[in-house]
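Trainee: I would like to learn how to read a model of this kind, feature by feature. Where should we begin?

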Amino acid sequence: MKIHEYQARKLLSDAGIPVPPAEVAMTPDEAADAFKKFGGQYCMVKAQVYAGGRGKAGFVKKVTTADEARAAAKFMLTTKMVSPQTGPEGMPVSVLLVAPGVDIATRPGRVDDKGQPAGDEYYLGLTIDRARNTVTLIASAEGGMEIEEVAAKHPEKILKIPLHPTLGLQAFQARDVAFQLGFKDKMATQVTNLMLTLARIFKENDADLAEINPLVITTEGKLTVLDAKISFDDNALFRHKDIEVLADESQERPLDVRAKKANLNYINLDGNIGCLVNGAGLAMATMDIIKLHGGEPANFLDVGGGVTAQGATEAFRIILADPNVKGILVNIFGGIAKCDLIAQALVDAGREIGFKVPVVVRLEGTNSKEARVILDAAKPTMPTLISATDLTDAADKVVKAVKAA
């Protein structure tokens with residue numbers, strides 16, 4: 001689960017990490033009022049979205065008057081943000097962060113792409129390294145908007161420190177990283193403590209990403225965080241109700257929200273063959289065999305072992321709500337979830353919302369014979385319902401039916 005920048009900043013601030021004050025705004029007038037509150041030479045108006053690339057997309061703006069803040073807010077709140085991380089459809093903006101300007105010290109020897117002296121900015125982050133199967137600390141002295149480009153073109157400038165699975169980040173590791181980033185004396189101690197605090201936030205909240213970018217040194221010689229991003233393991237949210245309520249459903253796909261509320265494991269994909277399966281492993285195998293037969297899965301949807309008739313019906317509704325779906329493969333191996341229950345849910349869904357695309361069904365396991373009786377009885381009124389003898393037959397039939405359609 002992701003949260004917005006302003007929420008991540010509060011988590012860091014509450015833990016004692018230095019974060020400058022800011023105001024949340026939901027209207028242009030609130031943005032103008034926030035500017036007046038802070039005064040100073042300028043403020044930054046920042047769109048709050050579950051995607052990066054805001055600066056280059058024009059959704060982080062420097063404003064020098066209340067009227068400019070109001071205009072920037074009006075633009076962001078009425079325009080979808082499009083960046084490489086959002087896709088061409090973009091993402092809506094309903095919340096803004098207005099932060100007072102911070103004067104960043106320039107670092108000797110560091111220049112921007114125009115050859116001008118660049119700010120003293122750093123990147124710090126913790127994430128799960130799937131290749132090493134452990135949490136990894138990532139750090140760079142080249143933080144800021146170009147961190148992705150730095151990682152791609154100059155990987156030697158990115159430090160990666162795998163952490164012990166139970167001990168986590170140790171003080172000696174954090175201090176060594178601080179020195180490698182160029183910090184010395186008291187500043188090195190401050191950065192060490194900051195990293196240890198970030199690691200504690202990561203662990204205690206079951207996060208899968210916690211990053212600060214940039215961490216800067218001001219012209220007054222103070223360490224401060226200008227931006228932060230934190231996301232959490234969905235499977236651990238039952239332990240963190242205070243975090244779960246921070247979710248912004250407007251930033252998620254409507255079908256993902258529906259699936260979550262129905263306790264379904266659903267991921268939208270780019271293909272045109274919907275999948276309804278019980279069990280994550282079986283779902284992966286189903287997607288693989290669809291591709292093997294020349295088709296493209298439109299989703300991953302695991303209804304789980306304890307699926308109810310209502311849950312299965314909602315699963316069909318979700319699949320059919322995707323306009324790209326031209327066919328559905330139902331692959332159920334009955335255990336706890338009995339085949340006849342799934343079959344009845346399928347028939348009920350067909351009567352309620354109609355199957356205008358071919359639906360190929362493969363059912364095996366508990367009560368599979370009873371399930372076939374239910375499906376055979378429904379076929380006269382549901383001509384798009386197609387039975388399959390096994391998984392290979394099911395994949396072959398659904399791919400051919402979709403291509404024929």
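Mentor: We will go from the overall layout to single residues. Keep in mind that this is a predicted model.

Trainee: How many helices and strands does the protein have?

Mentor: There are 14 helices and 18 strands. The C-alpha trace spans about 80 × 50 × 40 Å along its principal axes. Of the 405 residues, 49% count as buried.

Trainee: Among contacts between residues at least 6 apart in sequence, what share joins residues at least 24 apart?

Mentor: That share is 66% in this protein.

Trainee: Where do aspartate 185 and aspartate 206 lie?

Mentor: Aspartate 185 belongs to helix 7, which covers residues 185-204. Aspartate 206 is found in the loop between helix 7 and strand 10.

Trainee: Is aspartate 185 buried or exposed?

Mentor: Aspartate 185 has a relative accessible area of 63%, and the cut-off for exposed is over 50%, so this residue counts as exposed.

Trainee: And which peptide bond is cis?

Mentor: The bond from asparagine 213 to proline 214 is cis, and its omega is near 5 degrees. Proline 214 is placed in strand 10, residues 207-217.

Trainee: Take phenylalanine 183. What is it in contact with, leaving aside neighbours within four places in sequence?

Mentor: With those neighbours set aside, phenylalanine 183 is in contact with Tyr122, Ala178, Ala188, Val191, Ile217 and Leu223.

Trainee: How is empty space located?

Mentor: A probe the size of a water molecule is rolled over the atoms, and this shows where empty space is left. In this model, the second largest pocket has a volume of about 250 Å³. Its lining has 14 residues, and those closest to the centre of the pocket are His164, Leu167, Gly168, Leu169 and Lys203.

Trainee: Which element gives the most to the lining of the second largest pocket?

Mentor: Helix 7 does, with four residues. Helix 7 and strand 8 (134-140) each supply at least two residues of that lining. By type, the lining divides into eight nonpolar, four polar and two charged residues.

Trainee: How do I check the length of a helix, say helix 14?

Mentor: Compare an expected span with the distance between the ends. The expected span is 1.5 Å times one less than the number of residues. Helix 14 (residues 391-404) has 14 residues and should therefore span 20 Å; its end C-alpha atoms are 20 Å apart, which agrees.

Trainee: Which residues of helix 14 are buried, and what do they pack against?

Mentor: Leu391, Asp393, Ala394, Ala395, Val398, Val399, Ala401 and Val402 are buried. The buried residues pack against strand 14 (273-277), helix 10 (280-292), strand 16 (327-334), strand 17 (359-365) and strand 18 (385-387).

Trainee: What does one of them, alanine 394, look like in detail?

Mentor: Alanine 394 lies in helix 14. Its relative accessible area is 0%, and buried means under 20%, so alanine 394 is buried. Leaving aside neighbours within four places in sequence, alanine 394 is in contact with Leu329, Val360, Arg362 and Ala388.

Key: Residues are numbered from 1 along each chain as its sequence is written. This is a predicted model: local features need pLDDT of at least 70, side-chain atom pairs count only at pLDDT 80 or more; totals for chains, interfaces and linings use all residues. Side-chain values use heavy atoms; hydrogens and water are left out. Buried means under 20% relative accessible area, exposed over 50%, partly exposed in between (1.4 Å probe, protein chains only). Contact means heavy atoms within 4.5 Å. On a 1 Å grid over the protein atoms alone, a cavity is a set of points where a 1.4 Å probe fits but cannot get out, and a pocket is an open set with protein on both sides within 12 Å along at least five of seven lines; lining residues have an atom within 4 Å of a point. Grid points are joined across faces, edges and corners, and a volume is the space filled by probe spheres set on the points. Ala, Val, Leu, Ile, Met, Phe, Trp, Tyr, Cys and Pro count as nonpolar, Asp, Glu, Lys and Arg as charged, and the others, Gly among them, as polar.
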